[in-house]
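Visitor: Please show me the protein. Then let me ask about it piece by piece.

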Amino acid sequence: MTASENQGFNTRAVHAGQAFEPRTGAVVPPLHFSSTFAQDGIGGLRSGYEYGRGGNPTRDSLQEQLAALELGTHAYSFSSGLAAEDALIRALTRPGDHIVLGNDAYGGTYRLISRVLGEWGIGNTPVDMANLDTVRQSVTANKTRFVWVETPSNPLMKITDIAALAGIAHDAGALLVVDNTFASPYLQNPLALGADVVVHSTTKYIGGHSDVVGGAVVVKDAELAEKIGFVQFAVGAVSGPMDAFLTTRGLKTLGVRMDRHSENGQAVAEWLLERPEVEAVLYPGLPSHPGHELAKSQMRKFGGMVSVQFKGGEAAARKVAESTSVFTLAESLGGIESLMNYPSEMTHASVKGTELAVPVNLLRLSCGIEDVEDLIADLDQAFTSIP
Ligand SMILES: *Cc1c(COP(=O)(O)O)cnc(C)c1O
């Protein structure tokens with residue numbers, strides 16, 4: 001069967017872009033490795049396929065699945081999240097344009113915008129996105145092309161009102177770009193809330209198994225789609241067939257995984273909140289979180305990412321990070337296995353010393369789908385190492 005718009009998320013996840021193969025009836029569409037496609041006479045393409053950079057059936061399956069799940073009309077899949085962001089920015093900005101982005105944006109996003117694209121004349125202003133007045137003041141009509149937000153943000157877990165931000169961006173003639181990596185399309189659909197573009201590192205929850213690096217851009221406007229599709233084709237940072245296949249396979253189970261990630265995240269956050277060693281727990285599922293009500297209104301659940309700050313400062317955070325056994329100390333997030341990250345030296349090392357620097361007493365936990373009792377027992381034993 002194929003998917004339709006009014007079906008539920010999990011039905012679309014399993015079926016969108018996944019029609020069985022007509023010749024054999026193979027239920028899982030075959031993985032097409034071919035880099036080129038035979039022509040029936042010059043220019044006689046079968047289903048539009050000509051050359052692998054321009055189009056590949058396995059990549060198209062993934063792109064259709066992504067568009068259906070993000071409630072967009074077009075999706076483009078890339079070799080990494082940053083390749084997706086680079087294609088998006090190069091497709092839709094020109095020298096002299098300006099990007100307003102969250103001051104706790106993913107470090108690699110800030111590095112790309114400031115250190116690579118900055119050299120090509122793209123300006124940027126990092127601001128606290130949760131403070132809408134500040135955002136309004138930072139957006140310049142005729143100059144700001146993108147307002148770029150992550151919500152929940154990484155790793156401070158700030159929640160921003162997507163609909164309000166879309167209003168601010170549109171009033172200034174800018175587009176709202178939402179990096180939806182942390183929430184995933186199961187928990188939040190920014191395009192339905194007024195955003196113009198969604199970007200993903202599909203390396204994280206969408207792939208979901210820490211075995212593939214990839215990225216995606218999703219839009220709901222044909223004109224934007226055409227420009228992004230052109231850069232995907234002309235620059236060529238596409239996902240390879242095997243990567244696209246693995247990402248599709250992961251995406252089929254996103255809903256069931258996110259339900260468990262969210263359950264485990266909530267339980268771990270509540271446990272941390274009771275601990276005397278802890279200064280603050282940053283998790284939008286806690287009623288004490290300043291963005292709790294907003295998160296409830298724009299997210300289905302609160303996800304598996306939990307940040308925690310220690311009273312014992314940097315020393316305590318480092319000790320815990322190096323003392324767990326179920327949580328693996330590693331960069332990245334969103335896989336079925338729990339990961340522990342010390343952002344100021346790991347994922348966010350590139351913004352150390354800038355205004356995007358992350359507190360040194362903070363650890364970021366990506367709660368996997370293991371049994372939550374084992375996650376809590378692991379943290380409990382790791383806490384005994386705090387000096
Ligand atoms: C990992 C990540 C990226 C970058 O994606 P890659 O696949 O590593 O290139 C962008 N945004 C967020 C929020 C991320 O976590």
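Visitor: How many Å separate the centres of domain 1 and domain 2?
Guide: This is a predicted model, where local features need pLDDT of at least 70, side-chain atom pairs count only at pLDDT 80 or more, and totals for chains, interfaces and linings use all residues. Residues are numbered from 1 along each chain as its sequence is written, and side-chain values use heavy atoms, with hydrogens and water left out. The domain bounds, from an automatic or database domain assignment, are 9-251 for domain 1 and 255-383 for domain 2. Taken over C-alpha atoms, their centres are separated by 26 Å.

Visitor: What area do domain 1 and domain 2 bury between them?
Guide: Start with contact, meaning heavy atoms within 4.5 Å. On that basis, 38 residues of domain 1 touch 39 residues of domain 2. Buried area is the accessible area (1.4 Å probe) that two parts lose on being put together, summed over both. Of this area 62% is on carbon and sulfur atoms, and the total is about 3200 Å².

Visitor: Which residues of domain 1 lose the most area to domain 2?
Guide: Three residues lead on that side. Together they make up 25% of what the side buries. They are Tyr-186, Leu-187 and Tyr-205.

Visitor: How many residue pairs are in polar contact between domain 1 and domain 2?
Guide: A salt bridge needs a side-chain nitrogen of Lys or Arg within 4 Å of a carboxyl oxygen of Asp or Glu. Between the two domains that count is 0. A polar contact is a pair of N or O atoms within 3.5 Å; within protein, one must be able to donate a hydrogen and the other to accept it, and residues adjacent in sequence count only if both atoms are side-chain atoms. With both residues at pLDDT 80 or more, the polar count between the domains is 14 residue pairs.

Visitor: Which element gives the most to the side of domain 1 that touches domain 2?
Guide: Helices (H or I, at least four residues) and strands (E, at least two) are DSSP runs, numbered from the N terminus. Those giving two or more residues to this side are α1 (9-15), α4 (107-116), α7 (184-187) and α9 (241-252). With 4 residues, the top giver is α4.

Visitor: Where are Pro-152 and Pro-155 found?
Guide: Most peptide bonds are trans. The bond joining Thr-151 and Pro-152 is cis, with omega about 0°. The bond from Asn-154 to Pro-155 is also cis, with omega near 0°. Pro-152 is in the loop between β4 (144-150) and α6 (162-171), and Pro-155 is in the loop between β4 and α6.

Visitor: What is the phi of Ser-210?
Guide: Ser-210 sits in the loop between β6 (197-201) and β7 (215-219). Most residues other than glycine have a negative phi. Ser-210 is not a glycine, yet its phi is positive, about 55°.

Visitor: How many residues apart in sequence are the parts that Asp-259 and Lys-301 tie together?
Guide: Asp-259 and Lys-301 form a salt bridge, with the closest N and O atoms 2.7 Å apart. Asp-259 lies in helix α10 (residues 254-273), while Lys-301 is in the loop between α11 (292-298) and β9 (305-310). So the pair ties together parts whose separation in sequence is 42 residues.
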